[in-house]
Amino acid sequence: MNALPTLDLRPFPVRTALLVGGDSQIEARLRSCLEPKAWAIQHVSDNAAALIVALRKSFDLIITSEKTTGKEDIELLRRMRRIRPHTRFIILADESTPADVITSMREHAFSYFSRPFSLDALGVMIQHAIDEPCWDDGIDVVSATPEWIRIRARCDLKTADRVLQFF
């Protein structure tokens, strides 16, 4: 009996997403976009916990909680950029202002949603975030006020979708 041991060669997650907050609809939409064997999802309760976890571990995608304001999420984004400059970051905010949206663009958020928003639109943006190979050079704010904005954007459909979502 010369039996070789059987090795379990299950694929392991190679990419990770961080979900802030506990909204089950958002989590379900995220799970529907991510390939289960290629992605792991980690949860944290709030922005402070997200920052602590990101100090120790790199994430490919971070989605904030819709229970926060745009200002709170932008502050988290700024801190994240110092630690992990190329992480894709989608802001979900309960409250926002035009200035918050402009600032999130300047800080290179991947996308910005404020209530009310469509889960389908969020799903499309998550898909763009995980598919886009080089995302953080696509949109640059040249100048802006809450009434108008001048940007430079890469000329492709995914970047156009991102620009439209900000507005």
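Analyst: Happy to; the questions below take the labels one at a time. This is a predicted model, in which local features need pLDDT of at least 70 and side-chain atom pairs count only at pLDDT 80 or more, while totals for chains, interfaces and linings use all residues. Residues are numbered from 1 along each chain as its sequence is written, and side-chain values use heavy atoms, with hydrogens and water left out.

User: What makes a stretch a helix or a strand here, and how many are there?

Analyst: Helices (H or I, at least four residues) and strands (E, at least two) are DSSP runs, numbered from the N terminus. By that rule the protein chain has 6 helices and 7 strands. Their order from the N terminus on is β-α-β-α-β-α-β-α-β-α-β-β-α.

User: Why is Ser104 called buried?

Analyst: Buried means under 20% relative accessible area, exposed over 50% and partly exposed in between (1.4 Å probe, protein chains only). Ser104, found in helix H4, has 0% relative accessibility and therefore counts as buried. Over the whole protein chain, 43% of the 167 residues count as buried.

User: And what makes Val163 buried?

Analyst: Val163, in helix H6, has a relative accessible area of 14%, so this residue counts as buried too.

User: How do you know that the buried residues of H1 lie on the same side?

Analyst: In helix H1 (residues 24-33), the buried residues are Ile26, Glu27, Leu30 and Cys33. They cover an arc of only 125° around the axis, taken from the directions from the helix axis to the C-beta atoms, so they sit on the same side of H1. On the other side, Ser24, Gln25 and Ser32 are exposed. The buried residues pack against strands S1 (15-20), S2 (39-44), S3 (61-63) and S4 (88-93), and against helix H5 (119-131).

User: What makes Asp23 a cap for H1?

Analyst: A side-chain oxygen of Asp23 lies 2.8 Å from the backbone nitrogen of Gln25, at the N-terminal end of H1. A polar contact is a pair of N or O atoms within 3.5 Å; within protein, one must be able to donate a hydrogen and the other to accept it, and residues adjacent in sequence count only if both atoms are side-chain atoms. At 2.8 Å, the pair falls within the 3.5 Å limit.

User: Why are S6 and S7 called paired?

Analyst: Two strands pair if DSSP finds at least two bridges between them. Strand S6 (residues 139-144) and strand S7 (residues 149-153) are joined by 5 bridges and run antiparallel, so they pair. Val141 stands opposite Ile151 in S7, and a hairpin of 4 residues joins S6 to S7.

Definitions and conventions. Contact means heavy atoms within 4.5 Å.
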